[in-house]
2 protein chains.
Amino acid sequence: MASVSRFSYDRDECKGAPSFKRASLRQFSPVLVAMVGLPGRGKSVLARRLSRYLNYTGDVTKVLDISDYRRKHMEKYASHEMFRADNLPAWRLRQQSFREALEDAAEWLQEDGHHVVILDGPNVSRAQRQEIYDLIYGQLGFRIMFIECVCEEPAILERNFKDILQYSADYSSMAAEEALNDLTYKMAHYKAQYESPSLGSHWELPCPMVKILDGGYGGIVAHGVTGTKESKILAFISIPKPNQQVIYFSRHGESEFNVIGRIGGDALLSPRGRVYAQALAKHVQALNLPGLQVWTSTLQRTKATAVGIPAPQQHLHELDEIYSGDCESLTYEELQERFPRELALRDRDKLKYRYPQGESYLDVMQRLVPVLQQLETETNVLSVSHQAVLRCVLGYFLESPIEEIPYIHVPLHTIIKVTLKGYKYTMETVKMPIDCVDTNRAKPANCLINRSSEEALLTVPAHLDSLSSLNTLTTCM
Amino acid sequence: MASVSRFSYDRDECKGAPSFKRASLRQFSPVLVAMVGLPGRGKSVLARRLSRYLNYTGDVTKVLDISDYRRKHMEKYASHEMFRADNLPAWRLRQQSFREALEDAAEWLQEDGHHVVILDGPNVSRAQRQEIYDLIYGQLGFRIMFIECVCEEPAILERNFKDILQYSADYSSMAAEEALNDLTYKMAHYKAQYESPSLGSHWELPCPMVKILDGGYGGIVAHGVTGTKESKILAFISIPKPNQQVIYFSRHGESEFNVIGRIGGDALLSPRGRVYAQALAKHVQALNLPGLQVWTSTLQRTKATAVGIPAPQQHLHELDEIYSGDCESLTYEELQERFPRELALRDRDKLKYRYPQGESYLDVMQRLVPVLQQLETETNVLSVSHQAVLRCVLGYFLESPIEEIPYIHVPLHTIIKVTLKGYKYTMETVKMPIDCVDTNRAKPANCLINRSSEEALLTVPAHLDSLSSLNTLTTCM
């Protein structure tokens with residue numbers, strides 16, 4: 001078993017001031033978040049949700065699941081017997097797994113550009129939590145936050161158990177009844193070993209500790225919260241989120257600007273776009289979704305796309321298309337002619353590139369945060385928005401690497417369904433059989449500023465030259 | 001007394017969907033935050049802190065203090081007798097004040113571009129809170145959040161009482177002992193009327209309710225939190241903040257770039273700048289501040305300015321000067337020559353203007369948020385930073401109108417002391433007697449794009465033309 005002494009980390013900023021306690025300068029240090037709670041209390045789902053949110057909002061975060069370490073040491077999960085307090089060899093194995101995960105967490109925090117690590121596991125004993133505290137805070141000078149998930153609400157527990165039986169690697173090859181029986185025993189073993197980190201108004205350790213009751217629906221209790229990352233985490237976990245969730249997305253129907261290859265603007269739908277709007281309304285009505293809501297951007301093309309759907313609608317500026325500033329309403333050909341340097345800079349780094357007087361993908365990602373946070377608490381919302389915005393939204397739910405977000409394929413006339421399954425969101429698409437242009441411009445091979453116009457325009461999708469050709473298009477629909 | 005029926009407000013986004021309950025679409029509506037608690041529990045300080053933070057971070061917020069309304073109806077505060085439950089005429093007056101404040105709050109929320117209103121007052125009775133709920137949520141469809149301040153910690157209470165006796169308008173013309181006696185009775189009257197909105201695990205109303213214990217030092221309990229504004233508010237109030245606070249600021253000493261009129265860059269200190277660094281260290285040492293910490297930017301000139309101060313230091317990217325992108329290291333003269341349109345656009349709207357591939361003041365304000373949030377929990381921090389950054393920081397603490405922030409005067413070689421006094425931060429400055437250039441360029445009268453170079457450069461402060469002249473400057477120090 002590796003020893004914890006392999007760490008002798010010291011914060012850079014504290015060097016040169018050896019006579020001062022490091023503790024006083026830990027305000028902005030990386031944070032280890034340790035989950036606490038019995039199996040089936042929603043720890044893992046919460047850990048993954050939190051990680052998804054933190055990564056998207058710029059705090060580079062990783063989840064380490066202690067049970068993954070335990071599984072590395074076993075050929076195959078046998079039974080609940082390994083969680084008994086009096087099963088000494090199994091206890092040793094579990095301790096070892098805990099330590100390995102903790103050490104990997106410590107190692108990860110020490111790498112540049114890492115902000116948060118989440119240690120996902122029951123961490124039910126006082127001794128384990130003390131060990132986390134001593135290594136991470138005492139020895140390494142990082143910050144710590146404990147999140148305890150307490151749940152006694154039968155409906156939530158039942159749902160959580162179902163998820164475990166369906167998605168846990170331990171039960172993947174066990175018959176349903178046997179698995180449920182095993183899980184019940186496992187729970188009982190953990191209950192016998194459970195020492196809650198808070199007893200009334202007393203808290204076990206001098207660091208932020210949060211107790212979440214019934215998945216947040218029963219409220220939260222927090223103590224000793226300090227640090228901006230911790231308060232950001234608290235804000236996120238304080239809002240209860242359903243564990244069954246389906247969200248629908250669609251771009252607006254094909255717009256007049258799409259047809260003639262112009263970006264941005266506030267154009268109307270093309271005739272084919274209007275047909276898509278009708279088809280979308282029909283499709284959504286047939287789904288008969290209880291409590292359906294529609295969120296669109298404030299631009300004409302999304303409102304017109306959603307107008308026929310009989311559900312409450314709201315129009316949010318946050319869902320407006322990326323604003324291309326001085327480049328609004330231009331075609332790529334015009335962009336290349338008038339701003340060749342800008343187009344090359346954009347192709348080089350589409351994520352960070354900001355249009356002159358306009359926005360970057362990063363800007364859009366940021367302004368979307370409140371909407372995403374809210375969306376994560378909803379079910380049966382249909383959001384009708386735009387190519388760049390939906391790339392960011394899907395990037396959030398599907399946890400795409402941030403650099404890939406500006407290239408996610410979100411075609412027109414396609415309904416996207418995002419469903420929470422266990423820890424993860426999965427995506428399905430329904431392509432409606434209504435012709436439309438392709439608006440996706442792949443990254444050109446040559447992104448140098450001195451490239452030729454031909455090279456810059458190589459990947460521009462085909463489009464008409466003027467609106468007057470639109471009528472021809474209508475007749476061949 | 002005005003009737004509540006003067007409101008018949010309906011959210012725009014719900015129009016056209018009359019058959020759907022408005023309630024389902026309230027996710028992004030404006031929020032009324034109602035404080036609850038006995039006098040001296042820290043409600044007003046918290047309300048003002050929250051308002052300062054929300055306004056700075058883009059949620060336009062106003063605090064309405066019910067006692068201001070009460071004072072409008074009285075020539076002069078007489079005594080605690082007016083807070084007795086059995087003093088019927090006084091009770092009517094207090095009820096009237098409560099309603100007037102509530103109605104103004106409702107009216108304010110209905111105006112475009114307003115996001116949060118904070119109703120500051122004891123709101124100790126269940127009936128009052130029900131009335132708030134019925135009007136704001138039931139009738140108008142806005143959101144509500146209650147924040148209850150509970151405090152039993154003698155040291156905190158004593159400090160809060162002192163603040164009330166010193167800063168409350170009621171006690172401004174009363175002798176100290178009489179005032180303390182009166183406040184004690186007032187408290188007792190309110191205690192007799194106090195109905196807490198939470199009883200164990202039961203909460204009075206189906207909306208977010210947060211209980212803050214001992215100014216946050218005793219932790220918080222939150223129930224029913226929904227909505228991104230509410231979770232943002234929760235994050236802010238969850239971190240306890242001291243009610244005695246002094247923070248020091250200074251720009252770096254004069255830099256080589258300051259001397260020759262160049263913006264941005266990462267220059268060294270000028271000889272006079274190095275003299276300032278020594279003087280600053282001497283001055284700060286003489287203050288003998290317990291627990292002093294120094295926060296600088298990551299640029300050479302702030303580190304060199306702070307290096308002689310014997311205190312723990314950390315260097316934060318968030319405190320780096322506004323990044324002027326393609327315009328880094330230019331003089332205003334060069335800027336006008338090479339980017340005349342950019343300079344004019346900047347002069348027109350310095351707050352929102354973003355340098356090409358660089359930052360705007362708004363960008364800087366945003367990246368400063370975590371540092372400001374942390375700074376608000378500290379005392380005896382000296383932050384050595386830059387002109388634009390300190391404009392934003394001072395704008396935050398002094399609650400400057402946002403458009404004025406880019407023009408706040410922050411001269412070189414000046415120590416700025418910001419002290420919390422009651423609800424407000426006040427500022428004092430100490431100008432060190434060490435010559436330096438003036439780097440403040442006032443807004444020119446003509447901000448049109450076609451202005452002449454002369455007009456554009458009219459307010460550029462005097463500077464040398466090259467570094468070779470620096471030696472002359474050194475000798476005449």
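**Where the chains meet**

Modeller: Happy to. Across the interface of chain B and chain A, 12 residue pairs are in polar contact, with both residues at pLDDT 80 or more. Keep in mind that this is a predicted model.

Colleague: Which elements give two or more residues to the side of chain B that touches chain A?

Modeller: In chain B they are β8 (220-223), α7 (228-238), β10 (293-296), β11 (313-315), α12 (340-348), α13 (361-367) and α14 (369-375). The largest share comes from α7(B), with five residues.

Colleague: And by class, what is on that side of chain B?

Modeller: The side of chain B that touches chain A has 22 nonpolar, 18 polar and seven charged residues.

Colleague: OK, how many residues are in contact?

Modeller: On chain B, 47 residues are in contact with 47 residues of chain A.

Colleague: How much area do the two chains bury between them?

Modeller: About 3700 Å², and 57% of it is on carbon and sulfur atoms. In chain B, the residues that lose the most area to chain A are B:Phe28, B:Pro312 and B:Gln314, together 15% of what that side buries.

Colleague: Switching to charges: how many salt bridges are there between chain B and chain A?

Modeller: Two. In one, the side chains of A:Asp363 and B:Arg354 meet at 3.8 Å, N to O. In another, B:Asp363 and A:Arg354 meet through their side chains, at 3.8 Å, N to O.

Colleague: Where do B:Asp363 and A:Arg354 lie?

Modeller: B:Asp363 is in helix α13 of chain B, while A:Arg354 is in the loop between α12 (340-348) and α13 (361-367) of chain A, so this pair joins two chains. Over all chains, the whole structure has 50 salt bridges.

Colleague: Back to β8. What joins β8 of chain A to β8(B)?

Modeller: Three bridges, and the two strands run antiparallel. For instance, A:Ile220 stands opposite B:Ala222 in β8(B).

Colleague: Last one: why do you say the copies meet through the same surface?

Modeller: Because 100% of the interface residues of chain B are also interface residues in chain A.

How values were computed: Residues are numbered from 1 along each chain as its sequence is written. Chains are lettered from A and ligands numbered from 1 in the order in which they are written. This is a predicted model: local features need pLDDT of at least 70, side-chain atom pairs count only at pLDDT 80 or more; totals for chains, interfaces and linings use all residues. Side-chain values use heavy atoms; hydrogens and water are left out. Contact means heavy atoms within 4.5 Å. Buried area is the accessible area (1.4 Å probe) that two parts lose on being put together, summed over both. A salt bridge is a side-chain nitrogen of Lys or Arg within 4 Å of a carboxyl oxygen of Asp or Glu. A polar contact is a pair of N or O atoms within 3.5 Å; within protein, one must be able to donate a hydrogen and the other to accept it, and residues adjacent in sequence count only if both atoms are side-chain atoms. Helices (H or I, at least four residues) and strands (E, at least two) are DSSP runs, numbered from the N terminus. Ala, Val, Leu, Ile, Met, Phe, Trp, Tyr, Cys and Pro count as nonpolar, Asp, Glu, Lys and Arg as charged, and the others, Gly among them, as polar. Two strands pair if DSSP finds at least two bridges between them.
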